[in-house]
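This briefing is a guide to reading one protein model. Please look over the sequence and the structure before going on to the notes.

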Amino acid sequence: MSANESPAGRQPTATYDSAFLKACRREPVPHTPVWFMRQAGRSLPEYRKVREGVAMLDSCMRPDLVTEITLQPVRRHGVDAAIYFSDIVVPLKAIGIDLDIKPGVGPVVEQPVRTRADLARLRDLTPEDVAYVTEAIGMLTDELGATPLIGFAGAPFTLASYLVEGGPSRTYENAKAMMYGDPQLWADLLDRLADITAAFLKVQIEAGASAVQLFDSWAGALAPVDYRRSVLPASAKVFDAVADYGVPRIHFGVGTGELLGLLGEAGADVVGVDWRVPLDEAARRVGPGKALQGNLDPTVLFAGTEAVETKAREVLESAAGLEGHVFNLGHGVMPSTDPDALTRLVEYVHEQTVR
C-alpha cells in the first residue's frame, strides 16, 4: 500500500476521514454531510458564464472547464463532496455513438439501437477514449484536498432507454417493447452497457474519485418484477466490477420507492431516495447494512427560508435512526433555484446536526 492510500483501497487518505465518506461507511460523523445532485452548474451564474458559447458535450471533454464547474459549488456552498461534472451519455459519445445534447430536449441519438446488428456499434470503452476524464480528475483532486470527489455514470437501463428511444421519453415504449418482446437482445444490450459503464467508473476511481454514483434516472418506470428480471443483473455487474476498489457505491433513481430494496440488492453501499418516501420508511424497505442519501423535494427551495428549514428538519428527523445519512435533494437542483438558498441549506443542516 502506498503512502497516499487509505486502508480501504485506493481512496486518498486526505478524504478518507471526511464526513461524507464516514456517512457512506455508516460510521459516526461530526455533522450530517451535504451535497446536491446537479450542484455543478445549472443554477449558478458563474456556471452559465463559463459555459457561454460552449456546447454541453464539449464542456464535458475540456478538463479546464470540468475542473472549474465541479469546484464552483464547493467554493460557493461549502458542500461536503464534489460531484464530477459530466453527462450520462459521455461514455457513449466516447465510443463513437452519434449523439448530441440538444438544449431544452436532452440527449438525442442519431441512429437508435433497435436490432442485434446495432449492438456492434457499442464497442468497449478504453481509458484512452476518455483521457480528458483522467486529466480533469487529477486537476480536481489537487484542488479539492480533503473534499471527496464523487465519480459519475448513468446506469445500463437509463442508457439503454436513451439509445433505444433515440432520446428522452415519457413512456419508454420502444425500450419496454424490446425488454418484453426480445428479452435476449435486451439482456445483451444491458450487459454491453454494464461493461462500458464499469470501465467509465474505473477510469474515474483510478484517477482519484473517492466514491461513485450510478444514476438510474428512469428506473422508476419499471415494476419491481421487471426490474429484478431485466435490469438488476446489469446494474449488479457494474457495482461488482468496482467493488474491489473499496470506494462507496451510491445508487439513485427517480420514482423508485417500490424499488428501493432492489437498488440496494444490486450492490450499492448507499441508496439514494427521492422525496416521495420518508427516510425512515426507505430504511425499512432497503433493510440493514446500507446508508441512505436524500431526500428534500427540490421545489421546496423556492418556498422561502422558513419553509426550507421546516422541510429540511423533517428530513433530518426522519433520518435520526439511520445507520448512515448523506443529506441531498430528492432529485437534481432546478436551474432557476436561488443559489443562496442552497448555501443557507448547507449551513442549516451542518448547524442542526453538529455532534
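The model is predicted, so local features need pLDDT of at least 70 and side-chain atom pairs count only at pLDDT 80 or more, while totals for chains, interfaces and linings use all residues. Residues are numbered from 1 along each chain as its sequence is written, and side-chain values use heavy atoms, with hydrogens and water left out.

**Nonpolar core**

- A nonpolar core is a set of buried Ala, Val, Leu, Ile, Met, Phe, Trp, Tyr and Cys residues joined through side-chain atoms within 4.5 Å; buried means under 20% relative accessible area, exposed over 50% and partly exposed in between, with a 1.4 Å probe and protein chains only.
- The largest nonpolar core holds 129 residues, and F20, L122, L189, Y227 and L345 touch the most other members.
- Helix α10 (residues 183–207) gives the most to this core, with 13 residues; helices (H or I, at least four residues) and strands (E, at least two) are DSSP runs, numbered from the N terminus.
- Apart from neighbours within four places in sequence, L122 has contacts (heavy atoms within 4.5 Å) with L92, I95, I97, L163, L189, R192, L193 and I196.

**Aromatic rings**

- Rings of Phe, Tyr and Trp (its six-membered ring) pair if their centres lie within 6.5 Å; planes under 30 degrees apart count as stacked, over 60 as edge-to-face and the rest as tilted.
- There are four aromatic pairs by this rule.
- F152 and F215 are a tilted pair, because their ring centres are 4.9 Å apart and their planes are at 50°.
- F152 lies in strand β4 (residues 149–154) and F215 in strand β5 (residues 211–215), 63 residues apart.
- F215 also pairs edge-to-face with F252, at 6.4 Å centre to centre and 75° between the planes.
- F152, F215 and F252 form one aromatic cluster.
- F152 is buried at 10% relative accessible area, F215 is buried at 11% and F252 is buried at 1%.
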